[in-house]
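Subject: Structure handover

Hello,

Here is the structure for you to look over. Please open it first, then read the notes below it.

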Amino acid sequence: MAHIVITSGPTRQYLDPVRYLTNASSGRMGAALAQAALDFGHQVTVVSGPVSVEYPSQAKVFWVTTTQEMLDATRIAFSTADGLIGAAAPCDYMPEHVEKNKLHKTGSDISIHLMETPDIVATLAANKLPKQWVVAFALETEDVRFRAIVKLSRKACDMIVSNSAQAMNAEDNNVEVILRGGTVLDQFYGPKPLVAAGILRLIEKHLIAPIAIA
Ligand code: C5P
């Protein structure tokens with residue numbers, strides 16, 4: 001049995017106490033992956049941003065809001081885990097300042113300076129133990145396979161699941177799974193639980209089984 005950490009859902013970056021940046025990630029893919037990992041007999045920890053999707057009751061769930069909080073919680077969970085699946089859609093930018101009070105209209109335009117947030121998958125993959133593995137997702141609108149392979153290598157992950165923007169907030173997904181080195185392993189299309197089971201089968205074969213044998 002492996003201990004698998006799954007990041008899931010969006011994060012939020014507040015501008016002021018009532019307004020925030022976010023995206024349409026529903027957490028459905030993360031929930032489906034959690035169920036598939038449990039079905040394979042693994043222990044599952046989910047680190048989730050704010051979503052209304054229900055995670056399987058056998059999974060331990062840590063709720064977070066910002067990308068930094070997701071990184072902190074995932075780092076702790078991953079320190080005693082075997083693998084990480086980055087299915088979340090964390091905000092890539094955060095406002096430099098979060099206003100203490102609600103921003104009021106003044107009659108003129110305002111600009112907000114955004115800073116990059118940390119990349120959870122890349123940070124944890126860069127510091128992982130040799131027996132740990134990291135799987136990322138890549139959501140692209142064009143040159144989907146090429147960009148996924150570039151991301152796989154840039155983020156030093158062991159496997160990447162590339163999907164297109166239709167996956168966001170949808171019931172179905174259409175993915176291609178690529179192993180480190182750029183080998184395209186398989187494609188899955190259909191309801192997210194079915195796609196998640198296919199991805200877990202490949203994780204089992206290419207990432208979990210070789211470590212169990214070693
Ligand atoms: O670079 P991009 O956001 O497309 O990469 C997607 C992958 O990186 C996903 O696995 C996502 O969970 C992860 N990611 C992350 N931290 C971020 C942004 C993306 O872990 N700040």
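G198 lies in helix α5, residues 192-213. Helices here are DSSP runs of H or I with at least four residues, strands are runs of E with at least two, and both are numbered from the N terminus. G198 has 1% relative accessibility and so counts as buried. Buried means under 20% relative accessible area, exposed means over 50%, and partly exposed is in between, with a 1.4 Å probe and protein chains only. How far is G198 from H104 in space? The two are 49 Å apart, C-alpha to C-alpha, and 94 residues apart in sequence.

Some ground rules before the rest. This is a predicted model, in which local features need pLDDT of at least 70 and side-chain atom pairs count only at pLDDT 80 or more, while totals for chains, interfaces and linings use all residues. Residues are numbered from 1 along each chain as its sequence is written, and side-chain values use heavy atoms, with hydrogens and water left out.

Overall picture

The protein has five helices and twelve strands. Its radius of gyration is 18 Å, close to the 17 Å that the globule rule gives for 214 residues, so the protein is as compact as a globular protein of that length. That radius is taken over C-alpha atoms, and the rule is 2.2 Å times the number of residues to the power 0.38. The C-alpha trace spans about 65 × 35 × 30 Å along its principal axes.

Of the 214 residues, 46% count as buried. The protein exposes about 11,100 Å², and carbon and sulfur atoms supply 53% of that area. Accessible areas come from the Shrake-Rupley method with a 1.4 Å probe; for residues, only the protein chains shown count as cover.

Now contacts, meaning heavy atoms within 4.5 Å. Take those in the protein with a separation of 6 or more: residues 24 or more positions apart account for 63% of them.

On charge, there are 19 positive and 21 negative charges, and their mean positions are 2 Å apart. Lys and Arg count as positive, Asp and Glu as negative; His and the chain ends are not counted. Each charge is placed at NZ of Lys, CZ of Arg, CG of Asp or CD of Glu.

Strands

Start with β6, residues 83-86. G83 and I85 point one way from this strand, L84 and G86 point the other way, and all are buried. In a regular strand the side chains alternate between the two faces of the sheet.

What does β6 pair with? Strand β1 (residues 3-8) pairs with β6 in the parallel sense, over four bridges. The bridge partner of V5 in β6 is L84. Strand β9 (residues 133-140) also pairs with β6 in the parallel sense, over four bridges. There, G86 stands opposite A136 in β9. Two strands pair if DSSP finds at least two bridges between them.

Further along, β11 (residues 172-179) and β12 (residues 183-191) run antiparallel and are joined by eight bridges. N173 has G190 as its bridge partner in β12. These two strands form a hairpin with three residues between them. G181 in the turn has a positive phi of about 95°.

D82 sits in the loop between α2 (67-78) and β6. D82 is partly exposed, at 26% relative accessibility. Leaving aside neighbours within four places in sequence, D82 is in contact with M1, A2, H3, K131, Q132 and W133. L207 is 125 residues away from D82 along the chain, yet their C-alpha atoms are separated by 9.8 Å.

A125 is in helix α3, residues 120-126. At 7% relative accessibility, A125 counts as buried. Beyond its neighbours within four places in sequence, A125 is in contact with V134, K155 and A156.

A156 has a positive phi, near 50°. A156 is in the loop between α4 and β10 (159-164), and is partly exposed at 43% relative accessibility. D143 also has a positive phi, near 45°. D143 lies in the loop between β9 and α4 (144-154), and is partly exposed, with a relative accessible area of 49%.

Best wishes
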